[in-house]
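Here is a short note for your review of this model. Please read each point with the coordinates open.

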Amino acid sequence: FVSTQNLDITTATGQDFVRSFAFQLVKTRTAGVREAEKLIEDSKKHIASVNSEKKYFESEMLKIQHEVRGPLTELENREKQRTGAHEMALGQIFDACLFGGAPTIEALQDRLRRLEALADRDWEEFADRAANAAAQAKPALEAMLERALKDEADRKELEETRARLRQLEAEETARKKKEREELLAREAETRALARAEEQR
């Protein structure tokens, strides 16, 4: 469009035309920018309205989702807790024979009591696994307890034997001391009698 206009600025008429034409261009540009800004503003309002509707829609859909999914989620959580408790109890059976060091008789007896208490648990679908685990753990614990009891009995017997030997040694020492004292007394008496005989 511009290329078709007579933009000869060598004449006063041409200069006036250029001034007028440029002014029209400024007005047209300003009007266009204002219209564009209005469209942008309208678009922003529209976008804000759409965003608001989107947030409302999303919020409502989340509420509905929680209403629909909530009971199932609670059921799944309860199921996880239930099976988790069974798995933990199974772990206690599997670890029943594990001790940090040499177990005491009391520790073994306590572990057996706990194992028997676990046997009374309602294992539900874990019953077979629990029975198999207990069938291995209980005899092993009982054998460990039997060995510990035997070791304790052997230790006590050894202590009693040593105590008896110490007592016998003490008695023998006392007997020898008494015999020596009696011998010394007899020798002193014999010497005294001999002196008395000599004096007579």
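1. Burial first. A residue counts as buried when its relative accessible area is under 20%, as exposed when it is over 50%, and as partly exposed in between. By that cut-off H86 is buried, because its relative accessible area is 3%. Keep in mind that the model is predicted.

2. Where does H86 lie? H86 belongs to helix 1, which covers residues 12-94. What does H86 touch, leaving aside residues up to four places away in sequence? The contacts are R121, D122, W123, E124 and F126.

3. Two of those contacts deserve a look together. The charged end of R121 sits over the ring of W123. The distance to the ring centre is 5.2 Å. Both R121 and W123 are touched by H86.

4. How many aromatic pairs does a search of the whole structure find? One. The partners are F17 and F21, with ring centres 5.8 Å apart. Their planes meet at 10 degrees, so the pair is stacked. Why are they about one helical turn apart? F17 and F21 are four residues apart in helix 1. F17 has 31% relative accessibility and so counts as partly exposed. F21 has 13% and so counts as buried.

5. Helix 1 also has a surface feature to check. F57, M61, I64 and V68 make a nonpolar surface patch of about 410 Å². M61, one of these residues, lies in helix 1. Is M61 buried or partly exposed? M61 is partly exposed, because its relative accessibility is 41%.

6. Now the charges. Side chains of opposite charge can pair when their charged atoms come close. How many salt bridges does the structure hold? There are 15. Three of them are described below, one point each.

7. R82 forms a salt bridge with E79. The closest N and O atoms are 2.6 Å apart. Both residues lie in helix 1, three residues apart, which is about one turn of the helix. R82 is partly exposed at 23% relative accessibility. E79 is partly exposed too, with a relative accessible area of 35%.

8. D110 forms a salt bridge with R113. Here the closest N and O atoms are 3.9 Å apart. The cut-off for a salt bridge is within 4 Å, so this pair is counted. D110 and R113 are three residues apart in helix 2 (residues 105-119), so about one helical turn separates them. D110 has 31% relative accessibility and counts as partly exposed.

9. R175 and E172 meet through their side chains in a salt bridge, at 2.4 Å from N to O. They are three residues apart in helix 3, so the separation is about one helical turn. R175 is partly exposed, with a relative accessible area of 36%. E172 is partly exposed at 31% relative accessibility. Elsewhere, salt bridges that share partners join E79, R82, E124 and E125 into one network. E124 is also among the contacts of H86.

10. Last, a distance along helix 3. A163 is placed in this helix, which runs over residues 127-199. How far is the C-alpha atom of A163 from that of R147? They are separated by 24 Å, at 16 residues apart along the chain. A163 is partly exposed, because its relative accessible area is 34%.

Methods:
Residues are numbered from 1 along each chain as its sequence is written. This is a predicted model: local features need pLDDT of at least 70, side-chain atom pairs count only at pLDDT 80 or more; totals for chains, interfaces and linings use all residues. Side-chain values use heavy atoms; hydrogens and water are left out. Helices (H or I, at least four residues) and strands (E, at least two) are DSSP runs, numbered from the N terminus. Buried means under 20% relative accessible area, exposed over 50%, partly exposed in between (1.4 Å probe, protein chains only). Contact means heavy atoms within 4.5 Å. Patches are made of residues with over 30% relative accessible area and no salt bridge: like charges are joined within 9 Å, nonpolar side chains (Val, Leu, Ile, Met, Phe, Trp, Tyr) within 5 Å. Accessible areas come from the Shrake-Rupley method with a 1.4 Å probe; for residues, only the protein chains shown count as cover. Rings of Phe, Tyr and Trp (its six-membered ring) pair if their centres lie within 6.5 Å; planes under 30 degrees apart count as stacked, over 60 as edge-to-face and the rest as tilted. A charge sits over a ring if NZ of Lys or CZ of Arg is within 6 Å of the ring centre and within 35 degrees of the ring normal.
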